[in-house]
Each structure stands twice: as structure tokens, then as C-alpha cells.
Amino acid sequence: MTSPNFSTLPGDLLLEATSCLSSRTDILNLALSSKHLFASTCPVLYAHVHLGTAEQCQRTLSMLRSSPNVARHVQKLYIRFSSASSDYMVDINGIAISALLRELAPRLDALHTFIWDADEIPQCDDMWFALRMSCPRLRTLGTCYGSVIPSQRSHLLEFKNLRGFSLTLKYGYYTHHSDDFQDALPFDGRLWDMLIRRSPDLEELHVLGGPLILDGTVHPLCNARWPLLHSLSLGDLMLDWSSGPGPMSSKRPFIAFLEAHPRLRFFRTSRTALNPHILPSLDPSALPQLTHFAGSLEHLQALAPSHSQITHLAIEEPLIIRDLAPLLVAGVLQNLRCLTELRIAFIFHSSYESGNLIRNLVSTCPGLITLEITCARRSSFKVDTLAKSVSCLPRLRHLRLTLVPAATGDSLRVCASHVVQAIPRLHSFSLTFISASLPLSLTPVDFGLYEETGNYVIRTDEHGLPHSLSCTERRPALRLPFTLPSIPIPLAVPLLAFSPFTSSFPPKERRMRIQRFLLNLRPGTSKHSGLGLILERSTAGDEVRVLSVLVALSGLALWGFFA
């Protein structure tokens with residue numbers, strides 16, 4: 001009896017099987033195996049489209065415009081690219097991509113989430129009109145402000161019944177509008193009218209930055225009430241710092257706002273948006289469903305005693321390591337007994353034995369499943385030392401390390417092998433080496449400001465033991481053969497700045513050289529013969545290659561003798 005062909009399965013079973021694949025590469029390979037499978041897997045392959053460069057945006061959007069049968073499956077569309085010119089009006093990338101989106105909008109029947117994350121707002125404002133009129137399911141929007149902000153007549157401000165909205169202020173906004181205050185206020189009446197009055201069922205709001213407000217007025221956000229709001233992210237946005245006679249009087253407007261939203265599960269804030277000193281006035285019974293929090297250590301000190309149900313934590317401000325820092329961090333984290341994911345950053349100003357620091361983290365958070373650690377300024381420890389320290393976490397499955405490499409440190413490939421040997425139960429991990437002079441206000445992976453980085457997925461055998469690593473390593477395409485000396489300037493205190501950049505020029509994305517390969521963790525167990533043994537990178541392979549050369553030379557000598 002012949003086995004049934006996979007492509008003959010019903011379409012719903014094919015979709016169910018495709019959705020079980022964790023790698024988009026595997027889904028793509030399956031889709032390219034036949035026309036029937038491509039048509040059947042399109043709903044999964046193109047459900048979420050994330051475009052990260054201008055070239056990728058133009059090619060993919062042009063393909064979707066000419067293929068309506070593929071475009072109709074796009075549910076989430078994320079656009080991100082760098083401007084080709086500092087002049088907003090002549091930026092050919094923004095003009096071309098926004099025009100393509102305007103033409104593509106009538107074919108995006110299933111689109112419900114659209115994020116525009118470029119350096120500037122779209123040059124073609126009609127793009128928003130086309131999306132609003134042609135995509136009836138569109139309920140989540142994301143945009144950004146740069147050197148130019150939308151006008152009062154922008155079609156962006158005409159949406160209604162939104163479920164999610166995000167706004168990010170880019171480098172151009174801070175350089176062109178940092179001194180205009182109220183004149184350049186992006187949060188005008190129409191924007192908040194769209195969010196508060198015309199979107200009463202808003203569920204997610206992310207405002208990552210804002211202007212300085214010096215007249216002491218209360219931000220419109222504090223007076224909003226969204227019964228379904230479950231996610232809130234606030235960057236450097238001044239809300240009500242100057243309102244009221246003091247923290248001991250009546251409730252601050254933003255504290256009252258938090259108490260009025262009991263469904264809030266994800267909350268990210270900054271010192272500018274929420275002063276840690278007024279957070280103790282929050283009712284201990286408020287935010288009963290809060291499970292994801294991102295903020296400073298001072299915010300966490302006020303929240304942790306009454307919100308032990310937090311499972312995902314990100315300490316946004318880097319912690320300067322001093323004598324009492326490990327005890328302080330451990331004292332705060334020990335109240336979070338349900339913590340499963342932790343993201344934390346440290347600044348080392350001198351050589352520091354961080355074993356005590358890592359041991360305190362491990363002892364206070366035994367249930368961690370995902371751990372992300374960033375260490376800046378100094379090379380504090382080796383990767384193998386840290387991997388051995390966190391190997392005591394029995395449930396750890398995902399690890400991400402960003403650190404300054406030692407001058408005589410190992411390569412990424414060797415460090416990855418050390419991690420797998422120390423923590424064989426990991427599912428995936430990543431390693432990123434950064435420069436000692438890199439400001440932590442820049443995200444290394446977003447801008448390519450790293451020395452090298454690698455993502456690794458562990459493959460196991462039938463017994464659950466690792467046998468190979470699926471590796472993806474990225475390095476700058478052009479690298480100098482030597483390293484220029486740098487003099488890092490230590491920070492006195494780790495404060496969030498109003499501008500996300502510390503230099504006078506915006507960071508430029510560098511072209512990366514990507515290398516994908518499979519690393520065998522058991523080189524002695526694989527058996528090759530013939531050509532495979534000749535090409536194998538091992539001692540046996542070297543001996544076979546030498547023997548092959550000797551045989552070839554002997555054959556040539558005999559041929560020359562008898563000829």
C-alpha cells in the first residue's frame with residue numbers, strides 16, 4: 001500500500017499542519033514544493049508580513065499589488081525602513097512606499113493591524129484614506145512623527161473604533177521641534193478626540209515619547225476611560241507632574257486613571273510619565289490583573305509588595321553595579337514569586353566579579369523561563385561562566401545575552417557551544433557582542449550597532465539531548481582589520497533622557513553579513529564515507545585529504561614512468 005501524498009490532504013488539515021511549524025523558513029520551503037501547497041499555505045505564510053528595509057518594502061509591496069490572491073491573506077503589515085534623504089519632501093523611499101501602499105490598500109481585505117515605523121510620516125497622506133476606506137477590519141494603527149508632523153487635515157486622524165494605537169517620536173522630531181513645546185504638540189485635539197471619543201473600546205495604547213509641557217496642564221490621557229484597555233506603554237511623556245499641591249493631597253490624575261482600568265495586564269512607564277515617589281499612593285487593590293511590567297527599579301519597589309502576580313518584568317533603566325546593587329535587586333525581586341520572564345541591564349564601570357550578582361538573580365527567581373541580560377561598559381565575565389551560573393534554573397528555556405566581549409574571548413561559535421554544554425535543556429538563545437562605548441539608549445539589534453550577534457536554536461534527538469545547533473550569525477559587512485581606541489564616559493546616574501539618542505546625528509543602519517549554518521555538537525558520532533569524509537572538518541577528514549593527495553601524486557608518478 002502506497003503512503004498518501006501530503007499535498008492531497010484537505011485544505012483545513014494543511015493549514016493546521018502548517019501552523020505547527022515554528023520556523024517561517026520551514027513554512028516557505030513547504031510552500032515552494034508545489035503550486036497546490038503554496039496556495040494552501042498562503043494564509044499562514046503571509047498572515048504577518050514584516051518588512052525591514054526600503055528595498056524589501058518596495059519589492060514585497062509590488063508583488064502583493066500584482067498578486068491579489070496573496071495580498072488578501074495579509075492580516076498584519078509592519079513597515080520599517082530608513083529614509084534616503086534628510087529632506088522630508090525629497091525622500092524617494094518614503095514617497096515610493098507610501099504610494100505603493102495607497103495602491104495596495106484595496107487588495108488587503110483581511111488587514112487588521114498596520115504599523116508604519118519609518119523615520120518620517122508617510123509623504124502620501126492619502127495612504128491613510130485608502131486604508132480606512134478599503135480595509136474594513138483595520139482596527140490597530142501605528143505611526144511615528146519625525147521632522148514633519150501631520151497637519152490638522154490629515155486622514156490619519158479620521159479613523160474610529162480603533163482597538164490599538166501606537167505613536168513613536170523619531171530622531172527628526174527631537175531635532176526640529178524640541179524647543180517649540182506647545183506649537184509642535186503632536187497630541188492635538190483631533191488625535192485625542194479620535195482615541196477617546198471615537199474609540200471607546202480601545203484595548204492597546206503605546207505612546208513612546210512626547211514634548212515638554214511647561215504650563216502644568218493635565219494631559220488628556222489622564223481623563224480618558226477605556227473599559228477594555230489591557231496594554232499601556234508610556235515613554236517620556238509628561239502627564240500631571242505640576243498638577244495638585246502635592247502627593248499627600250488628593251489622588252493625582254494619572255493615579256486615578258490607573259485605578260479606573262482594572263483590566264490592565266501590560267504596563268510600561270518611565271520616570272517622566274510616572275514619578276516613582278507618587279506610586280505608593282496607588283490603591284493596593286488596583287491593577288489586579290497586571291502580569292507584564294516595564295519600568296525602573298524604583299517603580300518596581302512600589303509595585304512588587306502588592307502585585308506579586310507579575311510574571312514578565314523588564315527593568316528599563318540600566319543598573320550601575322556597586323557593592324549593594326546585588327542585594328538591592330534581589331530584595332525587590334524576591335516578592336515576585338510568579339516571575340517567568342526577566343529583562344535586566346547592568347553597567348560595569350570596572351572589572352567586577354559578577355558571580356555573586358548572577359547567583360542572587362538565580363536564587364530569587366527560580367521559575368524563570370526566559371532571561372535576558374545586558375552588560376555594558378566593561379567586560380565583566382565570560383559567556384561560559386555566566387552559562388554555568390544560570391544553569392541552576394530548572395525551567396529556563398530561552399536565554400539572551402548582550403555583553404562586552406573580553407579582549408581574548410572566544411568566538412560566537414565557541415561561546416554558543418559552551419552555552420549548550422552548560423544548559424542543554426534550552427530551546428533557543430542568542431549572543432550579542434557590543435562595544436564598550438555604545439550608549440544603552442540605543443538598542444544594538446535595532447540599528448545594527450553591535451560587533452556581532454548570533455541566534456541559535458537547539459536541535460535534539462529522540463531522547464531530548466542536543467545534537468546540533470541551527471545558527472544564524474550577523475556581522476557588519478565592512479569591518480576594519482583593527483579596532484579604534486575608545487574612551488567610554490561613565491554615567492553618574494542612569495536616567496531616561498527626553499531624546500532617545502545621545503549623539504547629534506541619528507544612527508544609521510549598517511549592512512549586515514548573514515551566515516546560516518548547522519553546527520554539529522557531536523562531531524565524533526557522525527559517520528561519513530567517500531566524498532562526505534573528504535569534505536568533513538575533522539581530524540579524520542584531514543587524514544583522508546592527505547591520503548587522497550598522496551594517492552593522486554603516486555598515480556601521476558606511475559603514469560609518467562610508464563608513459
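Modeller: Start with Glu259. Its relative accessible area is 28%, so Glu259 counts as partly exposed. This is a value from a predicted model. The partner of Glu259 in a salt bridge is Lys251, with 3.0 Å between the closest N and O atoms. Lys251 is also partly exposed, because its relative accessible area is 42%. That falls between the 20% and 50% cut-offs.

This pair is one of 15 salt bridges found in a search of the whole structure. The general idea is simple. Side chains of opposite charge can pair when their charged atoms come close.

Next, a pair within a helix. Arg59 and Glu55 form a salt bridge through their side chains, at 2.8 Å from N to O. Both sit in helix α4, which covers residues 54-66. They are 4 residues apart there, so about one helical turn separates them. Arg59 has 59% relative accessibility and therefore counts as exposed. Glu55 has 46%, so Glu55 is partly exposed.

Now a pair between loops. The side chains of Lys170 and Asp117 meet in a salt bridge, with an N to O distance of 2.7 Å. Lys170 is in the loop between β5 (164-169) and α8 (171-177). Asp117 is in the loop between β3 (113-116) and α7 (126-134). The pair therefore ties together parts that are 53 residues apart in sequence.

What about cover here? Lys170 has a relative accessible area of 18%, so Lys170 is buried. Asp117, at 14%, is buried too. Buried means under 20%, and so both values qualify.

To recap by cover: Lys170 is buried, and Asp117 is buried. Glu259 is partly exposed, as is Lys251.

One contrast on bonding. A disulfide is a covalent bond between the sulfur atoms of two cysteines. The search of the whole structure finds 0 disulfides. Among the cysteines, Cys135 is buried, because its relative accessibility is 2%. Cys338 has 41%, so Cys338 is partly exposed.

Val546, Val549, Leu550, Leu553 and Leu556 make a nonpolar surface patch of about 480 Å². Val546 is in helix α18, residues 539-562.

Definitions and conventions
Residues are numbered from 1 along each chain as its sequence is written. This is a predicted model: local features need pLDDT of at least 70, side-chain atom pairs count only at pLDDT 80 or more; totals for chains, interfaces and linings use all residues. Side-chain values use heavy atoms; hydrogens and water are left out. A disulfide is a pair of cysteine sulfur atoms within 2.5 Å. Buried means under 20% relative accessible area, exposed over 50%, partly exposed in between (1.4 Å probe, protein chains only). Patches are made of residues with over 30% relative accessible area and no salt bridge: like charges are joined within 9 Å, nonpolar side chains (Val, Leu, Ile, Met, Phe, Trp, Tyr) within 5 Å. Accessible areas come from the Shrake-Rupley method with a 1.4 Å probe; for residues, only the protein chains shown count as cover. A salt bridge is a side-chain nitrogen of Lys or Arg within 4 Å of a carboxyl oxygen of Asp or Glu. Helices (H or I, at least four residues) and strands (E, at least two) are DSSP runs, numbered from the N terminus.
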